[in-house]
Structures are given as C-alpha cells and as structure tokens.
Amino acid sequence: MGTVIYSVASSLDGYTSDAQGGFSWAVPDEPVVAALTADLASVSTYLYGRRMYETMAVWETDPSAASWSPESARFAETWKRAEKIVFSSSLGQTWTERTRLERELTAEAVARAKSEASGDLTIEGPTLAGSALRLGLVDVVELLLCPVTVGGGTAVFPDGLSLALRLVRERRFDNGMVQITYELDRP
C-alpha cells in the first residue's frame with residue numbers, strides 16, 4: 001500500500017499563494033523540475049481538490065505546457081500517466097484521462113485510493129491536504145521552500161493543526177529553493 005505525501009511549494013513564511021492568489025514566486029527552474037519529476041517516479045496517483053485539479057490539468061489539456069522546456073515535457077508525461085482523483089462537491093465532471101471524481105474526502109475514500117494505487121499518492125492543495133492531515137491520512141509532508149516571504153495568503157497548514165514530524169531528507173538547489181521531507185511521527 002502506498003504512502004500519502006502532502007507535496008507543496010511554500011514561501012518561507014508558510015504560504016502556498018500570496019494574498020492575491022498568486023504563486024509565480026514558486027515556479028521552479030529546470031534543475032528543480034527535474035528533481036521533482038524524478039521524485040514522482042514512485043507516485044501513481046494524485047489526490048486533488050477542485051482548484052488544484054483545474055490548475056494541474058493544463059499538463060494534459062494545453063499542449064504548449066509541455067513545450068515550455070525539456071523538463072516540462074518530462075513532467076507532463078509523468079503527470080498524464082498517473083491516476084487522478086478529484087475531491088469536489090461542486091465540480092460537474094473531470095476532463096482529463098485517468099481521472100475520477102469523488103464528492104467527499106473521507107478516510108474510506110483515501111483507503112480505497114491507496115489499495116488501488118500501484119505506488120505512492122500525493123495530496124496537493126492546502127485545503128484538501130489540511131482536511132487529510134486533520135483526519136490522520138497523510139504519511140509524509142514534503143515542502144519545497146522558496147526563497148521569498150509574501151506576508152499573507154493561503155497557509156500551507158490550517159490554523160490549530162499540531163503535528164509531530166521527523167526530518168528524513170533535505171535537498172538544496174542552486175536557485176535558493178530547499179526541499180525538506182518529513183514523516184509524521186504517530187504515537
């Protein structure tokens with residue numbers, strides 16, 4: 001059974017997007033994209049909320065996305081091969097291949113996704129991941145720290161959440177980004 005990984009880009013002050021909803025400051029360069037794509041080799045399933053799915057679907061629906069760079073093309077192919085599960089009560093339908101819609105994030109739905117997965121699973125988007133963290137469904141937190149503070153916006157973690165974490169990996173990039181990976185310490 002796969003590991004559920006909360007994978008997220010974060011400002012140094014703990015936000016996934018700024019107060020205006022922007023995240024251009026989190027766009028990785030080619031070496032970072034290459035490293036993240038290599039990390040995704042073990043991932044067979046992406047768990048998304050509606051907004052994250054709408055953002056990520058570009059890798060399949062917009063052919064120009066793969067032409068941004070050689071590493072973007074590799075990432076697009078990796079993304080398209082994976083299964084996607086979108087948790088949304090408002091989305092009418094999905095529009096990418098290998099994608100199914102679930103109306104509610106539950107422990108049972110994630111357990112089913114894990115049992116069906118041939119590899120690890122990522123859960124992306126702070127709202128969905130926050131709910132999954134509160135339900136105890138996340139095994140690993142992987143932060144891509146960006147060398148910027150944004151002063152407010154959408155927080156990486158929900159208010160009031162307390163977690164015990166154990167550092168298992170740190171990786172530095174020449175552009176100033178740092179990827180840190182923690183396993184959740186469960187009692």
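## Burial, and a threonine to start with

A residue is called buried when its relative accessible area is under 20% and exposed when that area is over 50%, with partly exposed in between. Thr 45 has a relative accessibility of 4%, so it counts as buried. One thing to keep in mind while reading on: this is a predicted model.

Thr 45 sits in strand β3. Leaving aside residues up to four places away in sequence, Thr 45 touches Glu 83, Ile 85, Ala 117, Asp 120, Leu 121 and Thr 122.

## The chain as a whole

Zooming out, the chain has seven helices and 10 strands. Its radius of gyration is 16 Å, close to the 16 Å from the globule rule for 187 residues, so the chain is as compact as a globular protein of that length. Along the principal axes, the C-alpha atoms fill a box of roughly 45 × 40 × 30 Å. Of the 187 residues, 44% are buried. If you take contacts between residues at least 6 apart in sequence, 69% of them join residues at least 24 apart.

## Aromatic pairs

A pair of aromatic rings is described by the distance of the centres and the angle of the planes. This structure holds six such pairs. Take Tyr 46 and Trp 79: their ring centres are 6.4 Å apart and their planes are at 15°, which is under the 30 degrees cut-off, so the pair is stacked. That pair links distant parts of the chain, with Tyr 46 in strand β3 (residues 43-49) and Trp 79 in helix α5 (residues 70-81), 33 residues apart. Tyr 46 and Trp 79 are both buried. Ring pairs also bring in Tyr 48, linking Tyr 46, Tyr 48 and Trp 79 into a cluster.

Trp 59 and Trp 68 make an edge-to-face pair, at 5.3 Å centre to centre and with 75° between the planes.

## Helix α7 and two positive phi angles

Helix α7 covers residues 126-134, and its buried residues include Pro 126, Leu 128, Ala 129, Gly 130, Ala 132 and Leu 133. Just after α7 comes Gly 136, which takes a positive phi of about 75°.

Where does a residue other than glycine take a positive phi? Arg 98 does, with phi near 55°. You'll find Arg 98 in the loop between β4 (83-87) and β5 (99-102). With a relative accessibility of 43%, Arg 98 counts as partly exposed.

## An exposed serine

Ser 24 is in the loop between β2 (15-18) and α1 (30-39). Its relative accessibility is 62%, so Ser 24 counts as exposed. How far apart are Ser 24 and Val 178 in space, C-alpha to C-alpha? They are 17 Å apart, while in sequence 154 residues separate Ser 24 from Val 178.

Terms used. Residues numbered from 1 in each chain as written. Predicted model: local features only at pLDDT ≥ 70, side-chain atom pairs only at ≥ 80, totals over all residues. Heavy atoms only, no water. Helix = DSSP H or I, 4+ residues; strand = E, 2+ residues; numbered from the N terminus. Rg over C-alpha atoms; globule rule 2.2 N^0.38 Å. Buried < 20%, exposed > 50% of the residue type's maximum accessible area, 1.4 Å probe, protein only. Contact = heavy atoms within 4.5 Å. Phe/Tyr/Trp six-rings, centres within 6.5 Å; stacked < 30°, edge-to-face > 60°.
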